[in-house]
Every structure is written in C-alpha cells, then in structure tokens.
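Hi,

Here is the structure I promised to pass on.

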Number of protein chains: 2
Amino acid sequence: MSVLTALTNHQVRLASRPVGLPTRANWNFTSESVAEPGPGGVLVKTLYLSLDPAMRGWMNEGKSYIEPVAIGAVMRAGGVGRVMASRNPDFAVGDYVNAGLDVQEYCLIPEEAIKRSGIFKIDPSLGLTPWLNVLGMPGMTGYFGLLEVGRPKAGETVVVSGAAGAVGQTVGQIAKLKGCRVVGIAGGKAKCDWVVKELGFDACIDYKNGDVRAGLKEQCPKGVDIYFDNVGGEILDLVLAKITRGARVIICGAISQYNNTAPVKGPANYLSLLVNRARMEGIVVFDYADRYPLGVAEMAGYLKDGTMKSKEDVVDGLEKFPETLLKLFNGENFGKLVLQVGRE
Amino acid sequence: MSVLTALTNHQVRLASRPVGLPTRANWNFTSESVAEPGPGGVLVKTLYLSLDPAMRGWMNEGKSYIEPVAIGAVMRAGGVGRVMASRNPDFAVGDYVNAGLDVQEYCLIPEEAIKRSGIFKIDPSLGLTPWLNVLGMPGMTGYFGLLEVGRPKAGETVVVSGAAGAVGQTVGQIAKLKGCRVVGIAGGKAKCDWVVKELGFDACIDYKNGDVRAGLKEQCPKGVDIYFDNVGGEILDLVLAKITRGARVIICGAISQYNNTAPVKGPANYLSLLVNRARMEGIVVFDYADRYPLGVAEMAGYLKDGTMKSKEDVVDGLEKFPETLLKLFNGENFGKLVLQVGRE
C-alpha cells in the first residue's frame, strides 16, 4: 500500500433532486480510500472549488447544455488543485492545475479526460482563486459573452446584473476597457460601492434598497445598448423596457428563477425586441473552449498590471458545501464564491 | 370648381383608443370634399387597402417603432390605388401605385411624402392585390425577416405561425425555395390543407383542432432551426421547447397578445435560448426599405413563373372596415386580408 492510498477522500454526493432550494437532505457525505492514477492519468488534491449558480441546473433531471449529475455521483465542480501523483508526462507532482475536480478532496483524472483538455496548468504567481474567477470559467463567460455576443462599441451603455458576482465583475471591467458606460445592478450598498469604487463601474443600482426602474432611468439616459443578464425575472423585464434600437441582450443565467417551484417567469416585455430590432441570445462558455488560452492570457495581463481586479469570497471547509452553495441564491456572497477544500 | 373637387372622400378616423378588441365606437365615419394636389403632389383613388395586425398597435398610445395614429386622424393604412391627378412629373394620371393611402377613398400625397419614397408605381399585370401581399409590406417582412435574420440553410427545419397569413405564406414559400423543411401552424383544416397542397409546405399543424406540442414533435423530428413567430403566447413557448443548438427565433408579431387587457404573456421557455445558444430577434420591415426593389423584383419573378402563389382575402366596402379588421384577430381571414374601397 502506497502513502497515497492510505489517504481518505471525503466527498459530497447528490442524494436526491431538490425541489426549490437544495437542502442538506439532497446531499450524502461519503468517504473512500484514495486510489493511484491509472496509465496516463494524474491524481489531484483539491485546494479550491468554484461554486456557481449553474450547479443548481446540473442537479435537475432533463435536457440542458450538459448532462445532469446522476443520483449517487460526486457533485460536479471545477476547481484548482495540486498534482499529487502523475503517470502523464505533461504533468509533474507539485503542478498547480485547473480541472473538473468535483466536490471532493482528491480527484483522479484519467488519460481520456486529459486528452479532452479537461485539465490545464496554471501560474500560481497571480494567486490561485482568480483562476476560478476572472481567469476561470466565469471570467471566460463574461469575456466571450460580452465581446462575441454583445460586441460592445465605445460610448455604448452596458448594464450587467449580478454585478459583484464572478461573471458580472468581469463583464463590467471589460466593458469599461472598451470605452462603454457601465451600470451594474447588485444587492446591497457594500457590493454597489465596491463595483463603482474598486472596479470603476460608472454606477451601480442597489436592487435590494431602491427602485431599479428609477435607477435605470437615471443612470441610462440614452437607454441600454447591451444588457448582460445573470438574473432573469423582473429585472430582465425592467431592462427590456429601456433597450435601444439594435440592442443586444445576452442571456447568461437567471438566478432568480433557478429555485422556482412555479414556472419560470417569461419576460413580458420581450416585444421590446421587435420594436427595437433587438436581439436576445444565449451564451454557454464551453463553445469558446478552443479560445480560452487567448482570453486567459489577455485577462492575466490585466490582472498583472492592475488594470483589472478579481475578488473572491472564500469559505473554508468541504463540509460547509451545502449551506455555502445557498449563499449564491440569497446574494450573500460578495465576489466569486469559492470553497476551500484543502491546503497546500 | 373642378370635377375632382365635386367628389366626396369618405374616411374612417380613430375616435378613441380601444381597450382590448376595437369596437365600432372607436371609429368615426367622416366625409369631406376631395382637394386638388398641391405643387409636386398627386391625388390617388384608393382601390384596395391592406389590413394588418400591426394596425392594432398603431391605435395604442406610447412609444413603438412608429408614431401612434392621433385621435381624430384618418386611420393609417397602406394600399393600392390609381393616380387621379398629378402635379409630379414622375406620376401620370392612370398610373397604379402602392402608397400610404389611409382608410379613405381618396388620398392627397404631397411632394414631401413622394420624396420620402412614400409612393411607388406598380405593374398591374400581376394583379393589384398581390402588391399588398407577397409583393408588399408583408411579403417584404417575410422575405427580409427570413433571409436576413433567419439566414436559412438547406436542410434546416423552419416553423412559421400564422402560416396562411400574408407574412406566413411568404416565409414558408421562400423557405421551401431555400431547401428547408417547412412546417406551418395555422387555424383550421382549410388553411392547413391550402398551405400544404397549394403552397408546398411539408406539413401544417392546426392549432384549433389539435395538439401543437404533439404536432411539433411529429413534424420536427430534428427540432426547429428557425421559428418565424407571428403569434406569440403559448405557441411561442411550445416552439422554444423544440429549438436546436444555434436556432434563430424571429419575432415579427404577437397577434395573440395585441388585444390583451392583461399584461403580455412572456415566453416562460426563454431560457431555451441559453441552453441552445440560440437567438431571438425582432424584425421591422422599414429597416430594409432601401432594398425593397430587389426583394419585390425577386418575388415578382416567382409569381410570374408560378414558383410562388399569393392569396388574398378581399372584403368589399370601406364601411366594413371596423368588423373586417377584427377578422385578423379571430383568424377568420384566409390569406392576406384586403379591403376593397374603390373600383377602377
């Protein structure tokens, strides 16, 4: 028996499909021995996991852009970790990597997954958690969603909801770099102040303590040219009422609707797309996978020279996964939500 | 006093803004003497008027893609007529023209409107009413909407609602010419049989006598690549549930919602746009005005050689305008709805 296999791997598995908000009863805590990697594979120790709104969708049955997590399976999650054992010439023990690690302390990554680009090395000099934020999936979602679907032009007004979240902070900062007027929508004074003072947004509307309609009217006097929507629901409708001719509405998520037990609220103002010859379009980041290296390199440059910032909200402890995930749905997280699972 | 000014011009004016379906009380019937055209203007005798779902929107107050019709004004309508008097060198007495004639027997078109391309000569050898249908605004809406926003590729599945209507018949026939599988949605067996047998659609789902969900499943086994929506409401939601990766949903109208006194029903399945990286986009035909001549020339060629058909439902009599307009909203019209106002 090797040193590795003496280790225990604690895991969080999906026990049942939630109705509405997930509860403790939807999860099973299990443990098993760590196994050696097979030929061409690696073993990674999980350091940080990315907690994302999309996880709620993966817990549902039915067709989506990705297979649902099976009942009994370890919950899917992307994360940052360190290679503990390697039988692959591209990875050495000690390398820092970004990969689909799932909600567990150790992850075996087989050769097939490595060939599918399911793991890549990261530069730890920029920190580890930014690789789950601005340099990770959320960052790439914001980067490609804004630039490829939104196609911002200097002088345009860009509104982004979930402004202090992982995708939102990227979208707003990139839009500022492109010369746009950027108006965030976030919950609470602290988040609003932060995106304006620290990230350089032009304004931020506090949906928890103010009238979003009035805020949009005040902050978007020329209307909204691009809306990057992470929330859906009433806020989507309010922004649709303010879009300009030829506007682009990027549908990235609808966190207000994910735990609905009632049907999703469709945007009653969708005919504003007709009146304004506007476009509403969905984005799924995986479609841009072949260009992640370009996006990451550009964003890493901005982080290095201080042009951009990356803020993570780190919660410590695998056992806190169930209640930490819920922070996303009540807006308690401030910055990209990250679960610390292990230490270097 | 000339012969012209001895004529009486009967008119239909907007008396009040309707709530829900327009009633007789929303209209005023007036008459006045016909006037001579001013310098550079023409006088046109109305032969046929186009009755369109969009008219319902023009009766509402508030911002849209076009100014509302003012209370007391002659109701806006496009039509086909014949020049009775001309002080413009480009138009001779006897010319057949397509113009904004409004709901009245005679229309003075001033020089400014002529300069804004508000009137153009038509070739009567193809008939007159097709110029309000496949060769007119609805035809151009279908033509540019499908080709420019939908961008159909051979082999794709195109679904069009209001299939027997003016826009629908154009969309379906053009999509067939582009090598697509075309599935219509229409109300009643007669319309469904007609679009399949006469227009060559591959299938047509009768929403009044069948299950649209089951029909879509049966007729669109590979899903829906393009949906050209004229109706909104529940049918839009059912189609959104069937769209393919990268699908295009063209929002042209929402006739099911125009007379609502309740709020518009937003598409609850709009997140299908996200899952499928699909696009929902509005079309307003006026944006393509500079290219109408190209579209009309192509369509006229198809009508001449029998590749395409144009079916109009003609109702005779200006005084029947109020109740005839309602046929659009209960689906009683079979083909493009046209009001005959005068005779040659």
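The place to start is where the chains join: β13(A) and strand β13 (residues 279-282) of chain B run antiparallel and are linked by three bridges. Strands and helices here are DSSP runs numbered from the N terminus (H or I with at least four residues for helices, E with at least two for strands), and two strands pair if DSSP finds at least two bridges between them. Within that pairing, A:Arg279 sits opposite B:Glu281 in β13(B).

Some housekeeping: this is a predicted model, where local features need pLDDT of at least 70, side-chain atom pairs count only at pLDDT 80 or more, and totals for chains, interfaces and linings use all residues. Residues are numbered from 1 along each chain as its sequence is written, with chains lettered from A and ligands numbered from 1 in the order in which they are written.

Now the sheet. It is open, with 12 strands and mixed pairing, in the order β10(A)-β9(A)-β8(A)-β11(A)-β12(A)-β13(A)-β13(B)-β12(B)-β11(B)-β8(B)-β9(B)-β10(B). β10 (203-206) of chain A and β10 (203-206) of chain B are at the edges with a single partner strand each, so one side of each has no neighbour in the sheet.

On the interface as a whole, 25 residues of chain A are in contact with 25 residues of chain B (contact means C-beta atoms, placed from the backbone, within 7 Å). β13(A) gives the most to chain A's side, with four residues. By class, that side has 16 nonpolar, four polar and five charged residues (Ala, Val, Leu, Ile, Met, Phe, Trp, Tyr, Cys and Pro count as nonpolar, Asp, Glu, Lys and Arg as charged, the others, Gly among them, as polar). The copies meet through the same surface, because 100% of the interface residues of chain A are also interface residues in chain B.

Cheers

Methods:
Two residues are in contact if their C-beta atoms, placed from the backbone, lie within 7 Å.
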